[in-house]
Amino acid sequence: MIALLIRDLRLAMRAGGGFGLSLAFFLIVVVLVPFGVGPEMSLLSRIAPGILWVGALLACLLSLDRIFALDYEDGSLDLLATSPLPAEGIVTVKAIAHWLTTGLPLVVIAPVLGILLGLPEQGYFWIVLSLLLGTPALSVIGTFGAALTVGIKRGGLLLSLLVLPLYVPTLIYGAELARRGTQGLETGTPLLMLAGITCAVTALLPFASAAVLRINLR
Amino acid sequence: MSLHVSNLSVSRGGRTLLEGVTFDVDAGHALILRGPNGLGKTTLLRTLAGLQKPEAGTVHLPEEDAVYAGHLDGIKATLTVRENLMFWARVFGTQSIDRALRTFELSDLLDRSGGMLSAGQKRRLGLARLMVTGRKFWMLDEPTVSLDQASVAQFADMIRVHLASGGSAIMATHIDLGLGADARVLDLSAFRATTPKLHASEEAFL
């Protein structure tokens with residue numbers, strides 16, 4: 001399983017691996033918003049946590065269809081499925097690799113982009129914390145969606161439609177945590193809900209992902 | 001370490017393709033599947049590999065012995081030959097890739113990236129993967145496609161060595177590998193399903 005993780009990370013880093021794609025998209029969204037909204041700093045800093053969260057979520061969505069599609073096309077998914085690795089292990093590793101190459105870079109760059117949006121000083125800690133807690137859930141849910149649509153040509157649209165509603169709870173509590181933290185309000189409830197969602201999907205969804213993957217490989 | 005298949009029916013897309021397939025493959029032997037295109041050779045191999053469920057009948061094969069190689073070789077274009085092969089070695093818990101490299105004369109290509117290989121070289125890399133897995137029972141789908149004559153001979157040698165060391169293989173191929181008495185040919189036309197019908201329960205998953 002470590003071998004699979006190393007391979008996936010290596011593939012993502014090499015040319016055409018799509019490592020920078022989500023990051024670039026996130027950057028573009030956040031840079032463009034101030035142009036669209038106008039230069040009013042008080043408004044910008046108020047909506048900054050929400051913009052960062054929506055941007056991160058869409059950037060995450062953009063890279064989902066690559067999780068299984070590439071392995072499916074060149075036949076390695078069949079070979080992996082018949083290898084000693086359990087299907088649950090494969091989907092878990094895929095989710096981890098997706099988070100390391102997409103989620104984690106977004107978490108790291110978010111505070112930098114926060115400057116562009118005039119994020120208040122106390123907000124930086126909360127935006128990083130909320131993204132750090134929430135993005136793993138985005139990767140795990142996305143892996144489930146990717147497993148559902150593997151084998152469908154141009155399955156990207158269907159994948160987005162399937163996954164978006166599942167992303168909503170994470171977005172609500174993640175953005176709420178960042179907003180409350182930024183405004184200095186009490187953060188206990190959204191923090192626990194966000195952590196709870198991430199723990200629950202990480203514990204349960206790999207089994208569902210593995211099951212639909214097996215069906216799709218038939 | 002042998003494969004027992006009895007009364008197996010396989011289906012694809014809800015249509016039964018083969019019915020009542022029965023055969024045994026013992027250690028040290030090979031079985032060659034023959035039959036026209038679209039008969040269900042690939043589907044049968046995928047069923048044996050566990051990628052899909054049999055429609056009926058039983059397959060008895062210790063799962064930890066088997067390795068499957070399909071039409072596609074699963075080669076990553078941006079990884080080098082060494083990285084591609086080492087990955088499968090690690091997945092299957094074996095360490096040495098030297099013997100496979102020597103058998104298929106891939107040593108000179110070690111640092112070439114997968115995308116730069118020709119079709120025949122890719123196939124050779126795909127077959128080298130089989131040796132790297134260290135598994136005893138090989139399931140091969142058209143293993144000689146895009147190989148030149150010399151490579152086909154290498155492949156036949158590799159199969160012979162594999163059989164002599166107590167391994168076995170089942171493969172769908174149209175060419176004669178000259179494996180001699182260790183290889184039995186099974187023409188699947190005899191098992192063609194007579195009543196191709198749609199299964200309502202399966203349709204939901206199409």
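## Chain B at a glance

Of the 206 residues that make up chain B, 40% count as buried. Keep in mind as you read that this is a predicted model. For chain B the average pLDDT is 84, and 94% of the residues score at least 70. The model as a whole comes with an ipTM of 0.84 and a pTM of 0.88.

Now for the overall dimensions. The radius of gyration of chain B is 17 Å, which agrees with the value near 17 Å that a compact globule of 206 residues would have. Along the principal axes, the C-alpha atoms of chain B fill a box of roughly 50 × 40 × 30 Å. As for how the chain folds back on itself, take the contacts in chain B between residues at least 6 apart in sequence: 76% of them join residues at least 24 apart.

## Elements of chain B

Chain B has 6 helices and 8 strands. Read from the N terminus, their order is β-β-β-α-β-β-α-α-α-β-α-β-β-α.

β1(B) and β2(B) run antiparallel and are joined by 7 bridges. Together they form a hairpin with 2 residues between the strands, and B:G13 in the turn has a positive phi of about 60°. Within this pairing, B:S11 stands opposite B:T16 of β2(B).

## An enclosed helix

Helix α1 of chain B, residues 41-48, is largely enclosed by the rest of the structure, because 7 of its 8 residues are buried. Those buried positions in α1(B) are B:K41, B:T43, B:L44, B:L45, B:R46, B:T47 and B:L48, a list that includes a lysine and an arginine.

What do they pack against? The partners of the buried residues of α1(B) are strands of chain B: β1 (3-12), β2 (15-25), β3 (30-34), β4 (56-60), β6 (137-141) and β7 (168-172). After α1(B) comes B:G50, with a positive phi near 90°.

## Chain A, built from helices

Chain A has 9 helices and 0 strands, so its element order from the N terminus is simply α-α-α-α-α-α-α-α-α. Its radius of gyration is 18 Å, close to the 17 Å that the globule rule gives for 218 residues, so chain A is as compact as a globular protein of that length.

The C-alpha atoms of chain A fill a box of roughly 55 × 35 × 30 Å along the principal axes. Of the 218 residues in chain A, 47% count as buried. Among contacts in chain A with a separation of 6 or more, residues 24 or more positions apart account for 80%.

## Where the chains meet

The contact between the two chains takes 22 residues from chain A and 19 residues from chain B. On the side of chain B that touches chain A, helix α2 (residues 81-91) of chain B supplies the largest share, with 3 residues. By class, that side of chain B has 10 nonpolar, 6 polar and 3 charged residues.

## The nonpolar core

The largest nonpolar core has 117 residues, and those with the most contacts inside it come from both chains: A:L52, A:A56, A:I141, B:L85, B:A128 and B:M139. Helix α7 (residues 123-149) of chain A gives the most to this core, with 12 residues.

For a closer look, pick B:A128. Leaving aside residues up to four places away in sequence, B:A128 touches B:L85, B:A100, B:L101, B:T103, B:F104 and B:L106.

Definitions and conventions:
Residues are numbered from 1 along each chain as its sequence is written. Chains are lettered from A and ligands numbered from 1 in the order in which they are written. This is a predicted model: local features need pLDDT of at least 70, side-chain atom pairs count only at pLDDT 80 or more; totals for chains, interfaces and linings use all residues. pLDDT is the predictor's confidence in each residue, from 0 to 100. Two residues are in contact if their C-beta atoms, placed from the backbone, lie within 7 Å. Helices (H or I, at least four residues) and strands (E, at least two) are DSSP runs, numbered from the N terminus. Ala, Val, Leu, Ile, Met, Phe, Trp, Tyr, Cys and Pro count as nonpolar, Asp, Glu, Lys and Arg as charged, and the others, Gly among them, as polar. A nonpolar core is a set of buried Ala, Val, Leu, Ile, Met, Phe, Trp, Tyr and Cys residues joined through C-beta atoms within 7 Å. A residue is buried if 20 or more other C-beta atoms lie within 10 Å of its own, exposed if 12 or fewer, and partly exposed in between; C-beta atoms are placed from the backbone. The radius of gyration is taken over C-alpha atoms; the globule rule is 2.2 Å times the number of residues to the power 0.38. Two strands pair if DSSP finds at least two bridges between them.
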